[in-house]
Amino acid sequence: ELGFHDLSGNVWEWCQDGHFTYPTDAQKDPCPEADSTRTYVIRGGGWNSGQSDCRYTSRSSYSATGNNADLGLRLAITK
């Protein structure tokens, strides 16, 4: 659907967004940058995740000071 292939479930993907509860009203960008807790959104599940987490809509959080074998990132270029 998004044009990506064989990426879901490989590693949790770090995102730039800070981890907050989504607001109930309409938002243009519902996830601002992380606050002083430096807790960021991770998406998509990793090789060590359960089946329900291995999808691009899966969302969780992780501290910027932590590390784990199933965390990664995706490089993107804008034209």
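**View 1. Trp12 and the β1–β4 pairing.** Trp12 stands opposite Leu71 in β4. Strands β1 (residues 12–18) and β4 (residues 71–72) run parallel and are joined by two bridges. Strands here are DSSP runs of E with at least two residues, and helices are runs of H or I with at least four, numbered from the N terminus; two strands pair if DSSP finds at least two bridges between them. The model is predicted: local features need pLDDT of at least 70, side-chain atom pairs count only at pLDDT 80 or more, and totals for chains, interfaces and linings use all residues. Residues are numbered from 1 along each chain as its sequence is written, and side-chain values use heavy atoms, with hydrogens and water left out.

**View 2. Trp14 and the β1–β2 pairing.** Trp14 stands opposite Ile42 in β2. Three bridges connect β1 with β2 (residues 39–43), and the two strands run antiparallel.

**View 3. Tyr40 and the β2–β3 pairing.** Opposite Tyr40 stands Tyr62 of β3. Strands β2 and β3 run antiparallel, with five bridges between them.

**View 4. The sheet as a whole.** The four strands form an open sheet, ordered β3-β2-β1-β4, with mixed pairing. Its edge strands are β3 (59–63) and β4, each of which pairs on one side only. Along the protein chain from the N terminus the elements run β-β-β-β, with zero helices and four strands in total. Of the 79 residues in the protein chain, 18% are buried (under 20% relative accessible area, 1.4 Å probe, protein chains only).

How values were computed: Buried < 20%, exposed > 50% of the residue type's maximum accessible area, 1.4 Å probe, protein only.
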